[in-house]
Each structure stands twice: as C-alpha cells, then as structure tokens.
Amino acid sequence: NENDDVKKKKKKTKNATKSEKEEEKGIWKSERKRREMLLTTTLTIQTRAAFALEDFAKREEKKGVSCVDVKEGGKGQLEENDVVSVNYTLYLSDEDGTMGSKIDSAKFFVFGVGTGEVIEGFDAGLLGGDGVGPMRIGGVREVLIPPALAYGAKEVGGGRIPANSYLKFVVELVQIK
C-alpha cells in the first residue's frame with residue numbers, strides 16, 4: 001500500500017508539474033504576444049511621427065517662399081504632378097523682394113510640378129504659399145525664393161547666380177497638360 005501511495009503522489013506531482021508547465025507556457029505565449037503587439041504599436045507610432053515630422057518640415061520649408069499674384073488666372077487650377085507650360089523671367093533679388101538684375105527668361109518652359117525637375121522653391125511658388133492658392137491658367141505670379149529653396153551655397157550659371165542668392169521669378173502659367 002505504501003508503494004501505491006508513493007506512486008499516486010508521484011503521478012499527482014507529475015500531473016501538477018505538467019499542468020504548471022502548460023500554464024507557464026500559456027503565460028509565456030500571452031506575454032510574447034503582448035510584447036509583439038507593443039512593439040508593433042510602438043513602430044506604428046514612430047512611423048506616423050516620422051511622416052508627420054517630414055510633412056511639417058516640408059511645410060516649414062515652403063513658408064520661406066513668398067507669392068504675390070500680379071494677375072489672377074481663370075480656369076484650370078494647378079495640382080502637384082501636373083505637367084505645365086510656363087513663361088518666366090528670373091531676377092536676382094534682395095531678401096525683401098527688391099528685383100535686381102535679370103538673369104534668365106523662357107517661353108513655354110515645360111516641366112512636371114513637384115517632380116524635382118526645377119528648384120524646390122519654384123514648385124512651391126506655383127503651388128502657393130503665404131495664403132495664396134495654386135496658380136490658375138493665365139495667371140501671373142511673382143515668387144520670391146530664399147537660398148535654401150533655390151541653389152543654396154552653390155554658385156550657378158558660371159557665376160551669374162552667386163551662392164546664397166534670393167531669386168525672384170515672374171511666372172505666367174500658360175497651360176496645364
């Protein structure tokens with residue numbers, strides 16, 4: 001009988017140990033799942049925050065561009081990624097927007113807006129800023145671009161555009177293709 005009692009205790013202990021192990025395993029699995037969820041949530045928040053900061057930085061950069069409509073356009077409002085045809089005249093400028101010497105001009109210059117084909121400040125000026133909306137066909141706009149959104153510390157055009165220059169464009173939106 002004593003052997004039977006010992007066997008029963010061992011079996012009971014074995015079953016209890018097995019049950020405890022299963023319980024531990026369950027706790028471990030739920031803890032692992034909780035940690036995975038926490039990590040996923042943290043990564044999602046960090047990603048969203050990074051995109052928000054990037055978007056904020058882009059908006060802050062565009063604030064440096066000053067736009068004044070000389071002539072309001074008619075129909076056909078410009079949107080990012082539109083292919084457009086513009087006439088423009090480029091001047092060196094002071095920080096206050098005073099026009100300096102004429103540098104360049106073009107008729108029917110074609111490019112994609114917001115695609116990196118032109119300096120960032122030119123895109124931003126066409127798309128609007130300082131309470132001015134996107135350009136419309138037939139509109140004429142003066143766009144003052146700070147060095148950071150133009151050519152920065154680089155000298156361009158064989159010295160025609162000195163480093164750290166403010167640029168002023170007078171732009172006419174001829175066509176949205």
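Let's start with Phe169 and what it touches. Leaving out residues up to four places away in sequence, Phe169 touches Tyr88, Thr89, Leu90, Ile119, Phe122, Arg141, Glu142, Val143 and Ile145. Contact here means heavy atoms within 4.5 Å.

A word on the source. This is a predicted model, where local features need pLDDT of at least 70, side-chain atom pairs count only at pLDDT 80 or more, and totals for chains, interfaces and linings use all residues. Residues are numbered from 1 along each chain as its sequence is written, and side-chain values use heavy atoms, with hydrogens and water left out.

Now the core. The largest nonpolar core holds 29 residues, and Phe122 and Phe169 have the most contacts inside it. By nonpolar core I mean a set of buried Ala, Val, Leu, Ile, Met, Phe, Trp, Tyr and Cys residues joined through side-chain atoms within 4.5 Å. Buried is under 20% relative accessible area, exposed is over 50%, and partly exposed is in between, with a 1.4 Å probe and protein chains only.

Which elements give two or more residues to this core? They are β2 (83-93), β3 (99-112), α2 (120-127), β4 (140-145) and β5 (166-176). β2 gives the largest share, five residues. Helices (H or I, at least four residues) and strands (E, at least two) are DSSP runs, numbered from the N terminus. As background, nonpolar side chains in soluble globular proteins tend to be buried together.

Next, the rings. There are six aromatic pairs in the structure. Rings of Phe, Tyr and Trp (its six-membered ring) pair if their centres lie within 6.5 Å; planes under 30 degrees apart are stacked, over 60 edge-to-face, and the rest tilted.

Take Tyr88 and Phe109. Their ring centres are 5.7 Å apart and their planes sit at 80 degrees, so this pair is edge-to-face. Tyr88 is in strand β2 and Phe109 in strand β3, so the pair ties together parts 21 residues apart in sequence. Is Tyr88 buried or exposed? Tyr88 counts as buried because its relative accessibility is 11%. Phe109 is partly exposed, at 29%.

Tyr88 also pairs with Phe169, again edge-to-face: 5.6 Å centre to centre, 65 degrees between the planes. Phe169 lies in strand β5 and Tyr88 in β2, so this pair ties together parts 81 residues apart in sequence. Both residues are buried. Tyr88, Phe109, Phe111, Phe122 and Phe169 form one aromatic cluster.

Last stop, Gly129. Gly129 sits in the loop between α2 and β4. Gly129 counts as buried because its relative accessibility is 17%. Its C-alpha is 6.3 Å from that of Cys67, 62 residues apart along the chain.
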